Amino acid sequence: QTTLILGEAGPNRGARAVATQAFADDVTARTNGDLQIDIQWGGALFKADAALQGVSDGVADLGTIIGVYFPQEMVAYGIADLPLQNADAWVGMRATDALMRTDPSIAANLADQDLVYLGTFTTSAVNIGCKDTAIRTAEDIEGLKVRGVGAYGKVFNDLGANMVAMSIYDAYQGLDTGLLDCSQGYSYAVAALKQQEVMTSYTLMDWGQVGALGIFMNKFAYDALSPEHQQALNDAGVGMADTLGRLINADNDAAVQTMQEAGVEVITLDAAERDKLVARGAPYIDTWIEQANAAGLDGAGMLDRYRTLLAEFTAERDAQGYPWDR
Amino acid sequence: MDGSIIGICAFAAVIGLLAIRVPIAFALAAIGTIGTFVIFATRTGAFTPDRAVRPTTSLVFSNSFDLIHSYDLSMIPLFIALGHIAYRADITTRIYDAARVWLARVPGGVAMASVVGCGGFSAITGSSIACASTMGRICSPEMLRMGYDKSLATASVAAGGTLGSLIPPSVLFIIYGIFTETSISSLFLAGILPGILSLLGFLLTIFIWVKRKPSAAPAFTGVITGRDKWLAAVGAWPALALFGLIVGGIYGGFFTATEAAAICVAAAILIGFAQRKLTLTDLWESLRETCIQTSAIFLIAAAAKIFVAFIALTGVAPVIVNGVSDAQLSPVVLLAAIALIYLVLGMFLDPIGIMVLTLPLMVPLVESYGFNLIWFGVVVIKLLEIGLITPPVGLNVFVISNVVGKAVPIDRIFSGITRFLAIDVLVLILIMSFPIISLLIPNSL
Amino acid sequence: MLHRIERLLLDLACCAVVALGALITISVALRVTVNGGIPDTIVMVRELMVMAIVLPLAAATTARAHIVVEFLSNRMPLRTQGWLVVAGGVMGLLALSPLLYAGWNEAAHAITGGSYYFGQLNLPKWPGRVLFLIGMSFCWLRLLLLVIGDVRTLRSGGVPQMSQTTTSSFTEDGDKS
Ligand code: NA
Ligand code: NA
């Protein structure tokens, strides 16, 4: 029996934690108890911005790595953070997972850093909530004080928003005192942090997601395992997308309901307005292609492949529904 | 070797090293590093030291670097600088002179004013360390100047600093809220009455102390006229203006608590220059003192972080919590056991480290007993705050010791702390026995 | 020579505190007045924090500002206490060596790997790591020199300087309550 350590910077609560625990339990079940996973929550071993080195150096055997902290090292994974038009959590995760798992150049790039990809998460669709104002058009963003993240934040900035830097946990107070007009976020996170108490409107953007976060493994620890155990880890990694997809969709739906009950106006952004946002995001996609090329990867090719995968999983969902509904 | 045995040996080794006056930062970092190395070297069963070097060095680097490499903690050097600059610009002395004149009839009035000041300042900073380092720089030297007993002048501020996390805003409540999925705003509201209760407890401690030993707080002996009071109050305006600027700025939505530190330093410099009380040389000397102090404080905090990561690897925390969980205790005994666990861990580890190590296991246990998680959060934070002033590792005491330097040895601060601890335990028992103290405000809103 | 370098490092740290304070103040002022801001303020402040905190470590060591608990040791003879000071210094050398080694690896890795922070400016990660290495190196060197100097003092029959909270200051007032 081998016990592997998994370093996770987040708490043991919420959909992602449940999916992480389900992954650990799944690994143990698939190996008949031979592999146990001891999860260290809350960044006890390393914080999110040291996770890559932590796993690569073997501080933990496995770890959750968030791509945005490592734009250079995790450039391939960063494809899942791009402001493409892909708001479905399950589709996004399965497409990202398929790309990461099958592209040999990505595997080689990770192996250079002593890493092996195991499975992916997502924060789900990016939306925006505001106090005493509402975003109904792309133009509404101009002049607002906004907390934004990643390329989405850059687009808000380009649209004339004044970016205020603060963590999602401080956004409640920021909105409450008027330091912030709007905060980028995810529906379940709004409810979990009770932001509906200080929001007056919440705009569903149907735009994209932040999906470059997932479980990676130290390559030496991985290579030391038997092929059967390696397979068990990989299979459990694929399963994570289904587990988290089911949980996060339910949480997001419940959160939107909570917001409505709290009197928050829930707005669905007009498709034409959404397309303006997508168009504004295009330069950042081009930048990513250049960065991927500079890292020795085929940026444009990977993007084509990723878009194809997104289309495939969208088609699968439309034809058969989500796996947990089948 | 069993990880939890390594963990317990490490606690003993830290006590041993501190007893032979090894600097706190070096003791924690050395034991944390050696322990981490042993764990990584023996993980496979055989002793493989060559495989332990890379993970060990990576762990010690990332934990210390990440602590220092922080935006939120930038408030600590800035608030320490504020203390130095305000002292040199005569801002703090004036408010203390005002306090002495106005509170001449109150035994230990200036110490009480300092603790109330800590309470007010804790409404600004989310962190006890920031609260203690700023107020320590401002209050303790002034009390020493007025001839206050050294223990009283330092321990009162170390204790008062613990209000920083109980009175909102509070980083510890935010982390607790994340780990329990409870409302952070409810937690903030729940902390208010216990915070005020603790504050009153500290005031009572000072009152009893000075009643029993009046020489600990020399009373103002001169004749005070109404005009003296008026002049003293007018002289204190810069300090009051600074306080108004911070509170108005944060609660008016102009800036965050982290940003407030920078704004305040800028304002204090402007006031100092405008009143011709501050020179460029003074300013630079203040900054040099600030940097030396900040660097010593962060070295301890970084070493404590390394030690926490090592303790996480040992798995000693789950062993303890599972032991309590398996014992099937009655609710009252369980609460007592939990209090004991947090107090013992609080002797060695920092509050955030303890929460990260224990909450994932503790919260399900507490939930299974049907306890209210908001109230339990207040209990946990109060316990962690007590840990900040208990020996051998009491971060608030180290901060005060660092700030007052040669004037007061650390043992004197700890000896003063024991008196505050006695009443703090009473306050804790009240908070634990009467959940309504915590829940009254969040439930009524 | 080392003293002058320490002074320089300390002054650089002061500059870092001024810079991060100014950066935050200006971005607040811009936000309140013209609804603008400075890009990547957070990243720059975090890098400046490393500069402000790690560079003065050597000066803090020279000032013997590392906090110790001494209620047991101050009952011992002064020369024993002197040897304990040396032991504490050796423990410090031991504790800082892995940090030095790791700091070297991290700095080299950040420079050769070209890592950067996500943001408007994509600022590089190496400056903070190099500053960390510089600060730690001088602290380690200073600690080593202190240990050597203290051993010499003890061998020649003297007693080395203690930390800031010394036995002498403990006994300077008669009040032992
Ligand atoms: Na506070
Ligand atoms: Na303690």
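Tutor: Happy to! Let's begin with a term: a residue is called buried when its relative accessible area is under 20%, and exposed when that area is over 50%, with partly exposed in between. Keep in mind that this is a predicted model.

Student: Which residues does the cis peptide bond with omega about 0° join?
Tutor: That bond joins Pro391(B) and Pro392(B). Pro392(B) sits in the loop between helix H19 (373-387) and helix H20 (395-404) of chain B. Another cis peptide bond runs from Pro168(B) to Pro169(B), with omega near -5°. Pro169(B) is in the loop between helix H9 (163-166) and helix H10 (171-180) of chain B.

Student: Switching topics: how much area do chain B and chain A bury between them?
Tutor: About 2900 Å², with 53% of it on carbon and sulfur atoms. On the chain B side, Arg43(B), Arg54(B) and Ile178(B) lose the most area to chain A, together 19% of what that side buries. The contact takes 33 residues from chain B and 37 residues from chain A.

Student: How many salt bridges are there between chain B and chain A?
Tutor: The count is five. Arg54(B) forms a salt bridge with Asp57(A), where the closest N and O atoms are 2.7 Å apart. There are also 14 residue pairs in polar contact across the interface of chain B and chain A.

Student: Which helix gives the most to the side of chain B that touches chain A?
Tutor: H3(B) does, with seven residues.

Student: Now chain A. Why is strand S10 (residues 213-218) of chain A said to be largely enclosed?
Tutor: Because six of the six residues of S10(A) are buried, the strand is largely enclosed by the rest of the structure.

Student: Which way does strand S3 (residues 62-66) of chain A run against S10(A), parallel or antiparallel?
Tutor: S3(A) and S10(A) run antiparallel, joined by five bridges. Within that pairing, Gly63(A) has Phe216(A) as its bridge partner. S4(A) also pairs with S10(A) in the antiparallel sense, over six bridges, and there Thr120(A) stands opposite Gly214(A).

Student: And where is Ser124(A)?
Tutor: Ser124(A) is in the loop between strand S4 (115-121) and strand S5 (127-130) of chain A. Ser124(A) has a positive phi of about 75° although it is not a glycine. At 1% relative accessibility, Ser124(A) counts as buried.

Student: What about Asn122(C), what is its phi?
Tutor: Asn122(C) has a positive phi of about 50°, and it is not a glycine either. At 27% relative accessibility, Asn122(C) counts as partly exposed. Its place is the loop between helix H4 (78-113) and helix H5 (126-155) of chain C.

Student: Last one: what does Val91(A) touch?
Tutor: Leaving out residues up to four places away in sequence, Val91(A) touches Leu310(A), Phe313(A), Thr314(A) and Arg317(A). Val91(A) belongs to helix H3 (residues 89-102) of chain A and is buried, with a relative accessible area of 3%.

Notes. Residues numbered from 1 in each chain as written. Chains lettered and ligands numbered in written order. Predicted model: local features only at pLDDT ≥ 70, side-chain atom pairs only at ≥ 80, totals over all residues. Heavy atoms only, no water. Helix = DSSP H or I, 4+ residues; strand = E, 2+ residues; numbered from the N terminus. Buried < 20%, exposed > 50% of the residue type's maximum accessible area, 1.4 Å probe, protein only. Contact = heavy atoms within 4.5 Å. Pairing = 2+ DSSP bridges. Buried area = accessible area lost by both parts, 1.4 Å probe. Salt bridge = Lys/Arg side-chain N within 4 Å of Asp/Glu carboxyl O. Polar contact = N/O pair within 3.5 Å; in protein donor to acceptor, adjacent residues only side chain to side chain.
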